[in-house]
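Dear colleague,

Here is the structure that I promised to pass on to you. Please keep it open while you read the notes that follow.

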Amino acid sequence: MVVDDEALVRSGFKLILSAADDIEVVATTAGAEAVEAVRQTGPDVVLLDIRMPDVDGLTVLRHLRALPQPPVVAMLTTFDTDEYVLTALRSGAAGFLLKDTEPDQLAQLVRTLAAGGVVMSPKASRAVWQGHPGAAVVDDEETARVGRLTERERMVLVLIAQGLSNAEIGMRIHLSAGTVKDHVSAILTKLRVGSRVQAALLAQRAGLLDEGQRRSEPGR
């Protein structure tokens, strides 16, 4: 389901996503009708505009998260430094998409969300943190938690933060999906976080994504 106050944005997203054989757009709506539309249609994934004039996306997100079976929610925003993105991620959003995301990437990002992955590009997430430097401070306790991760768990955490699902992580590092699931559970426990997004945020703040980038550079 696509929730946006602009009809043109809703129709554009629906047109792009409906072209994928494995994705059905069950509804498009403005913010005020979003919660009821979710109750009626039961989407697996909701793309939710973070800034709407009738009701803001954070309010809709809070109501959606309170549902008995909440959908996966990713926030839509025009700005990669949107001040509300951090609040949304900390409130249970599974990531965020820029509205100018390339059409050929959009369907894959929705598939990632449906598979339990995180949609939060390193470029955009760095921009969020750089725009809010006070939020980027990692305290000693958080640093200690990250330090308790094994090398394999750190590798899995970086891939989580890059938006990969368990199956994709398994293919990348040659592990079964069940083994990856066990690693993810251990990571969440050790970091004392409740979701993959919170783990990804901590990975970003701790510099693990930059570390992973350096490792992937030629000659390293």
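The axes of helix H1 (residues 7–18) and helix H5 (residues 103–114) come within 9 Å and cross at roughly 75 degrees, where axes are lines fitted to C-alpha atoms, for helices over the stretch in contact, and angles run from 0 to 180 degrees between N-to-C directions. H1 and H5 are therefore roughly perpendicular to each other, a term for angles of 65 to 115 degrees. Phe13, Ile16 and Leu17 of H1 make the contact with Pro103, Leu106, Ala107 and Val110 of H5, contact meaning heavy atoms within 4.5 Å. Sorted by type, the residues of this contact are seven nonpolar, no polar and no charged, with Ala, Val, Leu, Ile, Met, Phe, Trp, Tyr, Cys and Pro counted as nonpolar, Asp, Glu, Lys and Arg as charged, and the others, Gly among them, as polar.

Please note that this is a predicted model, in which local features need pLDDT of at least 70 and side-chain atom pairs count only at pLDDT 80 or more, while totals for chains, interfaces and linings use all residues. Residues are numbered from 1 along each chain as its sequence is written, and side-chain values use heavy atoms, with hydrogens and water left out.

**The chain and its core**

The protein chain has twelve helices and five strands, which are DSSP runs numbered from the N terminus (helices H or I, at least four residues; strands E, at least two). Of its 220 residues, 47% are buried, that is, under 20% relative accessible area with a 1.4 Å probe, protein chains only. The largest nonpolar core has 68 residues, of which Leu17, Leu47, Leu48, Met75 and Leu191 touch the most other members; such a core is a set of buried Ala, Val, Leu, Ile, Met, Phe, Trp, Tyr and Cys residues joined through side-chain atoms within 4.5 Å.

**Arginine 10**

Arginine 10 lies in helix H1, and at 17% relative accessibility it counts as buried. Leaving aside neighbours within four places in sequence, arginine 10 is in contact with Val2, Asp4, Asp5, Thr28, Thr29 and Ala30.

**Helix H9**

In helix H9 (residues 166–173), Asn166, Ile169, Gly170 and Ile173 are buried. These residues cover an arc of only 100 degrees around the axis, which puts them on the same side of H9, the arc being that of the directions from the helix axis to the C-beta atoms. Their cover includes helix H8 (151–161), helix H10 (177–191) and helix H11 (196–205).

With best wishes

Conventions. Parallel < 35°, antiparallel > 145°, perpendicular 65-115°, else oblique. Buried < 20%, exposed > 50% of the residue type's maximum accessible area, 1.4 Å probe, protein only.
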